[in-house]
Amino acid sequence: MSASAIFVLDLKGKVLICRNYKGDVDMAEIDHFMPLLMQHEEEGLVSPVMSHGSVHFMWIKHSNLYLVATTNKNSNASLVYSFLYKLVEVFTEYFKELEEESIQDNFVVVYELLDELMDFGFPQTTDSKILQEYITQEGTKLEVAKSKVPTTVTNAVSWRSEGIKYKKNEVFIDVIESINVLVNANGSVMSSDIVGSIKLKTMLSGMPELRLGLNDRVLFALTGRDKGKTVVMEDVKFHQCVRLSRFESDRTISFIPPDGESELMSYRINTHVKPLIWIESVIEKFSHSRVEIMVKAKGQFKKQSVANNVEVRVPVPSDADSPKFKTSTGHAKYVPEKNLVVWTIKSFPGGKEFLMRAHFGLPSVEKDEMEGKPPITVKFEIPYFTVSGIQVRYMKIIEKSGYQALPWVRYITQSGDYQLRTNV
């Protein structure tokens with residue numbers, strides 16, 4: 001079971017637009033949503049699912065809007081939330097920014113979309129590229145387009161239209177890995193994992209069949225090959241275009257791709273990751289006078305690689321003032337509204353070490369020592385490099401007209417949730 005009705009509300013709880021799909025929940029029930037939410041917030045018990053009598057509200061907040069689904073059945077909550085986030089994605093594709101103003105300015109289109117995205121409480125066509133073929137933003141076109149729904153909607157391949165043509169046939173593959181690391185104050189790695197995703201930009205004519213080969217350990221074991229580095233992927237999630245039965249039987253990733261940009265798959269690799277940018281910090285507090293911070297950053301990755309747009313965010317006491325900085329590279333600035341020093345390094349080669357010193361004044365009146373100890377966080381991006389060692393071994397492109405197509409592969413490693421705790 002899915003949703004009975006979908007509502008879009010402003011921050012005060014006023015309904016901007018709604019669509020009743022099943023008629024089994026009184027539409028006036030939405031009036032209870034905002035008081036319930038405020039009550040939960042006051043009690044510090046905010047929950048993604050709230051109930052009033054037999055009616056359940058499942059909601060998300062985006063910008064200055066609440067998107068709320070109502071139901072009085074034991075609905076599949078994960079399906080409803082996937083749908084609410086898909087709504088945000090589709091509306092953003094259409095209106096660039098999803099906020100109160102864009103809903104009011106595009107009322108007719110939003111209602112049309114709500115009609116197509118769900119039927120009797122069940123998600124239907126949720127691919128924005130396909131929806132854009134027959135729900136357009138010009139009102140006049142809208143009327144003409146209504147009569148002719150693209151066959152794609154009812155095809156087995158509902159994510160790709162027929163008759164696509166390109167002068168030059170290419171597919172771009174981005175392998176993007178985010179590293180999550182938590183290091184304690186003693187310098188030990190408490191937890192680490194890698195979250196990866198393979199994104200495609202497809203510019204191929206016709207209805208091509210693609211096969212992607214990775215250095216997947218399970219595949220190598222199945223085929224009796226044991227050469228080179230392999231990876232064990234967990235929590236693998238595919239785009240709907242991938243033939244799951246084929247993957248389960250012989251680990252082949254076989255699919256007819258959507259046109260343009262899409263995420264083909266995501267995965268997680270549960271492994272011990274050596275922090276790529278190691279941070280050592282000494283934070284000295286001299287009560288009633290000053291705080292001195294010394295931070296050393298070291299690139300613990302290959303010398304031939306370079307980390308770009310590195311940001312080291314160092315927490316400082318909320319009552320600190322009159323900052324002074326000294327850096328061996330890059331520049332540091334104080335962000336008082338976030339109680340942070342942000343040290344930015346445009347280009348950070350592997351194996352190099354850099355130093356930043358900061359000096360802050362403290363007020364002579366000591367404030368209560370109730371502040372927590374926020375960690376140092378690091379942001380970075382390293383192109384042409386993956387920590388896990390995942391590799392695209394091949395990409396085969398087969399199309400009945402027999403054209404030649406070029407696959408391009410790019411690897412990027414970036415910081416995810418990357419935290420290093422401090423003693424002070």
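In the predicted model, the lining of the largest pocket draws at least two residues from each of α2, α5 (128-134), β11 (234-238) and β13 (260-269). Of these contributions, that of α2 is the largest share, at eight residues. The volume of the largest pocket is about 920 Å³. In total, 28 residues line the largest pocket, and those nearest its centre are K86, E89, T126, H239 and Q240. By class, the lining comprises ten nonpolar, ten polar and eight charged residues.

Helix α2, which spans residues 77-95, also packs against helix α4, which spans residues 107-117. The axes of α2 and α4 lie 12 Å apart and form an angle of about 140°. Because angles over 145 degrees count as roughly antiparallel and those from 65 to 115 as roughly perpendicular, α2 and α4 are therefore classed as oblique to each other. The crossing of these two helices, α2 and α4, is right-handed.

The contact between the two helices involves F83, L87, V90, F91, Y94 and F95 on the side of α2, and V109, V110, L113, L114 and L117 on the side of α4. The composition of this contact between α2 and α4 is eleven nonpolar residues, with no polar and no charged residues.

Technical notes. Residues are numbered from 1 along each chain as its sequence is written. This is a predicted model: local features need pLDDT of at least 70, side-chain atom pairs count only at pLDDT 80 or more; totals for chains, interfaces and linings use all residues. Side-chain values use heavy atoms; hydrogens and water are left out. Axes are lines fitted to C-alpha atoms, for helices over the stretch in contact, and angles run from 0 to 180 degrees between N-to-C directions. Helices (H or I, at least four residues) and strands (E, at least two) are DSSP runs, numbered from the N terminus. Angles under 35 degrees count as roughly parallel, over 145 as roughly antiparallel, 65 to 115 as roughly perpendicular and the rest as oblique. A crossing is left-handed if the near helix is turned anticlockwise from the far one by less than a right angle, and right-handed if clockwise. Contact means heavy atoms within 4.5 Å. Ala, Val, Leu, Ile, Met, Phe, Trp, Tyr, Cys and Pro count as nonpolar, Asp, Glu, Lys and Arg as charged, and the others, Gly among them, as polar. On a 1 Å grid over the protein atoms alone, a cavity is a set of points where a 1.4 Å probe fits but cannot get out, and a pocket is an open set with protein on both sides within 12 Å along at least five of seven lines; lining residues have an atom within 4 Å of a point. Grid points are joined across faces, edges and corners, and a volume is the space filled by probe spheres set on the points.
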